[in-house]
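Q: Got a model open here and want a quick walk through it. Can we start with the sheet?

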Amino acid sequence: MARRPSKPVLTHIDAKGEARMVDVSAKPATERTAIAEGRVLMSKATLELITSGNAKKGDVLATARIAGIMAAKRTSELIPLCHPLALSKVTIDISPDQTLPGCVVQSTVKVTGPTGVEMEALTAVSVACLTIYDMIKAVERGARIEGIHLVEKSGGKSGHYRAEN
């Protein structure tokens with residue numbers, strides 16, 4: 001007799017259908033890494049202001065990097081059911097891209113612990129993109145934040161994941 005695949009289960013919902021924080025106390029501490037990415041699309045003129053360092057509010061990319069790092073460290077304060085984690089690495093890479101035009105924002109977050117860092121990586125990218133928008137909105141309110149997604153994750157029970165292009 002063939003076994004039917006089990007239904008997907010939402011881990012943050014209990015048997016009564018109520019939201020809950022997942023108990024990770026029995027899970028082993030392993031090295032876990034997550035990479036997330038997003039884009040801020042804008043005009044070529046606005047991108048030139050950023051890359052030339054002439055934005056009125058200051059160094060857009062440096063400010064966005066710091067904001068993303070700070071956001072990753074505070075994810076559990078922003079996302080109600082996330083566990084507070086002692087992150088061992090957070091990097092934010094921002095690449096101006098003339099072909100978009102805009103900026104590609106990528107975060108890498110690492111921890112050794114009982115739960116993953118996907119939400120921390122996604123939060124870091126989101127806040128870095130929002131910071132770029134905040135710093136350029138005086139010259140371009142129509143800039144768009146797009147494509148925030150998990151690129152890759154490793155470690156933990158579910159193993160390795162890489163998004164398809």
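Q: What order do the strands take in the sheet?
A: This is a predicted model. Its five strands form an open sheet, ordered β2-β3-β1-β4-β5. The pairing is antiparallel.

Q: Which strands stand at the edges?
A: β2 and β5 (161-162) do. Each has a single partner strand, so one side of each has no neighbour in the sheet.

Q: How many bridges between β2 and β3?
A: Nine, with the two strands antiparallel. Within that pair, I94 sits opposite V105 in β3.

Q: And what does α2 touch on the sheet?
A: α2 packs on the sheet and touches β2 and β3. The direction of α2 makes about 145 degrees with that of β2.

Q: Which strands does α4 touch?
A: α4 also packs on the sheet. It touches β1 (30-41), β2, β3 and β4. Its direction is at about 25 degrees to that of β1.

Q: Now the two helices against each other. What's the angle between α2 and α4, and how far apart are the axes?
A: About 145 degrees, with the axes 7 Å apart. α2 covers residues 60-73 and α4 covers residues 118-136.

Q: Left-handed or right-handed crossing?
A: α2 passes α4 in a right-handed crossing.

Q: Which residues meet there?
A: From α2, V60, T63, A64, A67, G68, A71 and A72. From α4, E120, T123, A124, V127, A128, T131, I132 and M135.

Q: How does that contact split by class?
A: The α2 contact with α4 has 10 nonpolar residues, four polar and one charged.

Q: Switching to T75. Where is it, and is it buried or exposed?
A: T75 is in helix α3, residues 75-78. Its relative accessibility is 1%, so it counts as buried; the cut-off for buried is under 20%.

Q: What does T75 contact?
A: Setting aside neighbours within four places in sequence, T75 is in contact with C82, M119, E120 and T123. Two of those, E120 and T123, are also among the α4 residues that meet α2.

Q: What about V139, where does that lie?
A: V139 lies in the loop between α4 and β4 (144-154).

Q: Buried or exposed?
A: V139 counts as exposed, because its relative accessibility is 55% and the cut-off for exposed is over 50%.

Q: Which residues does V139 touch?
A: T46 and L49, leaving out residues up to four places away in sequence.

Q: How far is V139 from T112?
A: Their C-alpha atoms are separated by 42 Å. Along the chain they are 27 residues apart.

Q: Which peptide bond is cis?
A: The one from L100 to P101, with omega near -20 degrees. P101 is in the loop between β2 (89-97) and β3 (102-113).

Q: Zooming out. How many helices and strands in the chain?
A: Four helices and five strands. From the N terminus, the elements run β-α-α-α-β-β-α-β-β.

Q: What does the C-alpha trace span?
A: About 65 × 35 × 30 Å along the principal axes of the chain.

Q: How much is buried, and what's the accessible surface?
A: Of the 165 residues in the chain, 35% are buried. The accessible surface is about 10100 Å², and 55% of that belongs to carbon and sulfur atoms.

Q: Last one. What share of contacts joins residues at least 24 apart?
A: 70%, among contacts between residues at least 6 apart in sequence.

Definitions and conventions. Residues numbered from 1 in each chain as written. Predicted model: local features only at pLDDT ≥ 70, side-chain atom pairs only at ≥ 80, totals over all residues. Heavy atoms only, no water. Axes fitted to C-alpha atoms, helices over the stretch in contact; angles between N-to-C directions. Left-handed = near helix turned anticlockwise from the far one by under 90°. Contact = heavy atoms within 4.5 Å. Nonpolar A, V, L, I, M, F, W, Y, C, P; charged D, E, K, R; others polar. Buried < 20%, exposed > 50% of the residue type's maximum accessible area, 1.4 Å probe, protein only. Areas by Shrake-Rupley, 256 points an atom, 1.4 Å probe, with all protein chains shown as cover. Pairing = 2+ DSSP bridges.
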